[in-house]
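Dear colleague,

I am handing over the structure that we talked about, and I would be glad if you could look through it with the notes below beside you. The notes begin with the ligand and then turn to the protein as a whole.

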Amino acid sequence: MTIFEKIIARQIPAKIVWEDEDAIAFHDVDPQAPVHVLIVPKKAIPRLTDATDEDAALLGKLLLVARNVAKELELSSGYRVVINCGPDAGESVPHLHVHLLGKRALAWPPG
Ligand code: AMP
C-alpha cells in the first residue's frame with residue numbers, strides 16, 4: 001500500500017479538504033507554497049504513464065477538482081497544477097496525484 005492508499009483507507013491521518021467516491025484532496029505534509037493540496041484518485045494508478053484511455057474521465061475529474069479546490073481556498077490571483085511523473089520529475093509517491101499550489105508567486109521555469 002502506498003502512503004496515499006493508507007490516507008484513503010484512514011490508516012494514517014491527513015488534512016482532507018474534499019472527497020468523493022473517485023478521489024480525495026488533502027493538504028501536502030511538506031507544503032511548497034502557502035496552499036499545497038494533493039488531489040489523488042482512489043484508483044491506484046501508479047503514475048500518468050500508466051493511465052489508460054479508460055481513465056480519461058477520471059483524469060479530467062482531477063483537474064476539475066483542482067479548479068474547485070482552488071476556488072474554495074480562494075486562490076484568486078492564480079495557482080499551478082503539477083503532475084510529477086517518474087524520477088526526472090521528482091516523483092516520490094507511486095500513486096498518481098495532482099499538486100495544486102497557490103497563495104504565492106511561482107517561478108517559471110520550475111527547478
Ligand atoms: P511527488 O513528489 O510528486 O510524488 O509528490 C508526493 C507528495 O506527497 C510530496 O509533496 C510529499 O510532501 C507528499 N506527502 C508524502 N507523504 C504525505 C502525507 N503523509 N500526507 C500528505 N502529503 C504527503
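Around the ligand there are 16 residues, of which Asp28, Asn84, Ser92, His97 and His99 come nearest; a residue counts as near if one of its heavy atoms lies within 4 Å of the molecule. Please keep in mind that this is a predicted model, in which local features need pLDDT of at least 70 and side-chain atom pairs count only at pLDDT 80 or more, while totals for chains, interfaces and linings use all residues. Residues are numbered from 1 along each chain as its sequence is written, and side-chain values use heavy atoms, with hydrogens and water left out.

An oxygen atom of the ligand is 2.7 Å from a polar backbone atom of Ser92, and a nitrogen atom of the ligand lies 3.2 Å from a polar backbone atom of Val29.

Which elements give two or more residues to the shell around the ligand? They are helix 1 (3-8) and strand 2 (23-27), and helix 1 gives the largest share, three residues. Helices (H or I, at least four residues) and strands (E, at least two) are DSSP runs, numbered from the N terminus.

Turning to the whole protein, its secondary structure comes to two helices and five strands, which follow the pattern α-β-β-β-α-β-β along the sequence. Its radius of gyration is 13 Å, close to the 13 Å that the globule rule gives for 111 residues, so the protein is as compact as a globular protein of that length (the radius is taken over C-alpha atoms, and the rule is 2.2 Å times the number of residues to the power 0.38).

Finally, a few details of the backbone deserve a look. Most residues other than glycine have a negative phi, and most peptide bonds are trans. In the segment after strand 5 (98-102) lies Pro109, which a cis peptide bond joins to Trp108, with omega at about 5°.

Best wishes

Note on methods. Polar contact = N/O pair within 3.5 Å; in protein donor to acceptor, adjacent residues only side chain to side chain.
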